[in-house]
Amino acid sequence: MTDLLATDRAAPGLGTVLGPHLHQVLAACRPHIGRAARVAACTGGNVSHVFRLHGEAGTVIVKVRGRRFAGVAHIATDPALISVEHRALTLHHGLMPDLFPKVLAFLPDAHAMVMTDVFPDGRTWRAHLDQRAATPEECSRLGNALARIHRTTAALPPLRDGDGDDLFRAEHAYGYCLRACGHRALDEACRRLDALPGRQLILGDACPKNLSLTAGRAAFVDLDNVHHGAPLFDLGYLLAHLVLHHVTRPSLQYPLVAALLDAYALSGPAWPWHTDDLLATVTAGVLLYRLEARTVPYPATAPPATSDRLRYILRRLLDAGPFTVPDLLAAAGPVTA
C-alpha cells in the first residue's frame, strides 16, 4: 500500500482500473466522505491497485485487484481473490477493530473494496523509516500487537477451501520468498516451519510498508497474504525488515530487535528467541529475498555496495549451518565498515 504520490495526476488511473464500475464504487464511497473531491494513488503494494479518496467529510481507501499484479505486471492473478482478503479483513477487524481497517463496502463485480483509512498522517512506517530510525517504543508496540494478533486468531479456520491454503503458502510465502534464493538451508526452513505445532492464520506480509505506527497506535493493512502457517514466519518476516531498514545504523539493530522480540515473547508464547536458530534462518531468508528481488521488488534501503556485502554475509551464514539472531546481528553489524 500506501503513501500518497507527490501529485494527484494518478486520479484518472482510478477510472482506468475500474472501467464501467467507477460510478458504482464512487457511490459506495459517498456515504462515508461525501462527494469525492480528490483521488491520490497509493504506492508500495504489489498485488492490488490502491487509491485514497478525499471528500468533504473525510477519506477512504479503495482497493482494486486486477488480472495482473499491480506492481509486478508479469505475474498473472485472479481478481476474484480479493474476496479472500475481504474475508480476512472482516475477521481481523471484527476481532481487533483498533488494529485493522474496516471494510465499508465490498463490490465483487468490480473486484474492489472500500475501507477506512488507518493512516492518520497518510504515511506508512516504511516512509518514516526512510527518513529516520525506528524507536524501541515503536518496536515494543509492534511486538505487542503482533503477539495479540497471533493469540486472537489462533483458533480461526483457514480462509481457503480444501488445500488452497497449503498451495498458497507453498507458492507465495515459500515460493516467492524463502525458496526464491535457492539455498538448501531455506528449503529445510520451510520444512521445519510446516512441522511446527500450532499452525494458524498468520498475516504473511508483515512489513513496514503495510504498517502504521502513528499517534501511539499500530495498524496493519494488506491482508491478501493471510494464510494458515507458522506464527514464527510472521515474526521472522517482520524482523528481517527491521534489520534491513537499519543496515546503515548497525549500533541500533540489537536494541530495536530486542525490543520487538522481548515484547512479542512477553505478550505471547514465551520462548528463548536468543537461541532459536529457525527464527534466525527465516530472518536471513527474508533478508535475501528483499536484497536479491528476483520476483517482487523492494525499494533499496542501503547503498548497493552495502547491500552486496550483506548478501554475501547472509549466504555465508546459511552455508555454515545453524546460527541465532544475535549471530546474524553480529555478522551484519560491520557490513557498513
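**View 1. Glu 85 and its contacts.** Glu 85 touches Lys 63, Met 113, Asp 222, Leu 223 and Asp 224, leaving out residues up to four places away in sequence. Contact here means heavy atoms within 4.5 Å. This is a predicted model, in which local features need pLDDT of at least 70, side-chain atom pairs count only at pLDDT 80 or more, and totals for chains, interfaces and linings use all residues. Residues are numbered from 1 along each chain as its sequence is written, and side-chain values use heavy atoms, with hydrogens and water left out. Glu 85 sits in helix α3. Helices (H or I, at least four residues) and strands (E, at least two) are DSSP runs, numbered from the N terminus. Glu 85 counts as buried because its relative accessibility is 2%. Buried means under 20% relative accessible area, exposed over 50%, and partly exposed in between (1.4 Å probe, protein chains only).

**View 2. Asp 222, one of the residues that Glu 85 touches.** Asp 222 lies in the loop between β9 and β10 (227–229). Its phi is near 60°, a positive value in a residue other than glycine. Most residues other than glycine have a negative phi. Is Asp 222 buried or exposed? At 8% relative accessibility, Asp 222 is buried.

**View 3. Ala 215, in the loop between β8 (211–212) and β9 (219–220).** Ala 215 is not a glycine, yet has a positive phi of about 60°. Ala 215 counts as exposed because its relative accessible area is 64%.

**View 4. Ala 57, in the loop between β3 (49–55) and β4 (58–64).** Relative accessibility is 56% for Ala 57, so this residue counts as exposed. Which residues does Ala 57 contact, leaving aside its neighbours within four places in sequence? They are His 32, Ile 33 and Gly 34. Ala 57 and Pro 231 are 39 Å apart in space, C-alpha to C-alpha, and 174 residues apart in sequence.

**View 5. The largest cavity, with a volume of about 320 Å³.** The structure holds four cavities of 30 Å³ or more. On a 1 Å grid over the protein atoms alone, a cavity is a set of points where a 1.4 Å probe fits but cannot get out; a pocket is an open set with protein on both sides within 12 Å along at least five of seven lines; lining residues have an atom within 4 Å of a point. Grid points are joined across faces, edges and corners, and a volume is the space filled by probe spheres set on the points. The largest cavity is lined by 25 residues. Nearest its centre lie Val 47, Asp 205, Asn 225, Tyr 237 and Tyr 289. Helices α6, α8 (231–244) and α10 (277–292) each supply at least two lining residues. The largest share, five residues, comes from α6. By class, the lining has twelve nonpolar, seven polar and six charged residues. Ala, Val, Leu, Ile, Met, Phe, Trp, Tyr, Cys and Pro count as nonpolar, Asp, Glu, Lys and Arg as charged, and the others, Gly among them, as polar.

**View 6. The second largest pocket, holding about 210 Å³ of space.** This pocket is lined by 17 residues. Closest to its centre are Arg 65, Thr 77, Leu 81, Phe 168 and His 172. Both α3 (82–95) and α6 (164–177) supply at least two residues of the lining. Helix α6 gives the most, with five residues. The lining of the second largest pocket divides into eight nonpolar, four polar and five charged residues.

**View 7. Packing of α10 against α11.** These helices pack at an angle of about 145°, with their axes 10 Å apart. Axes are lines fitted to C-alpha atoms, for helices over the stretch in contact, and angles run from 0 to 180 degrees between N-to-C directions. The crossing of α10 and α11 is left-handed. A crossing is left-handed if the near helix is turned anticlockwise from the far one by less than a right angle, and right-handed if clockwise. From α10, Thr 281, Ala 284, Leu 287, Leu 288, Leu 291 and Glu 292 meet Ser 307, Leu 310, Arg 311, Leu 314, Arg 315 and Leu 318 of α11. This contact has seven nonpolar, two polar and three charged residues.

**View 8. Packing of α11 (residues 304–320) against α12 (residues 325–332).** The angle is about 145°, and the axes are 10 Å apart. The crossing of α11 and α12 is right-handed. Helix α11 brings Leu 310, Ile 313, Leu 314 and Leu 317 to the contact, and α12 brings Leu 328, Ala 331 and Ala 332. These residues divide into seven nonpolar, no polar and no charged.
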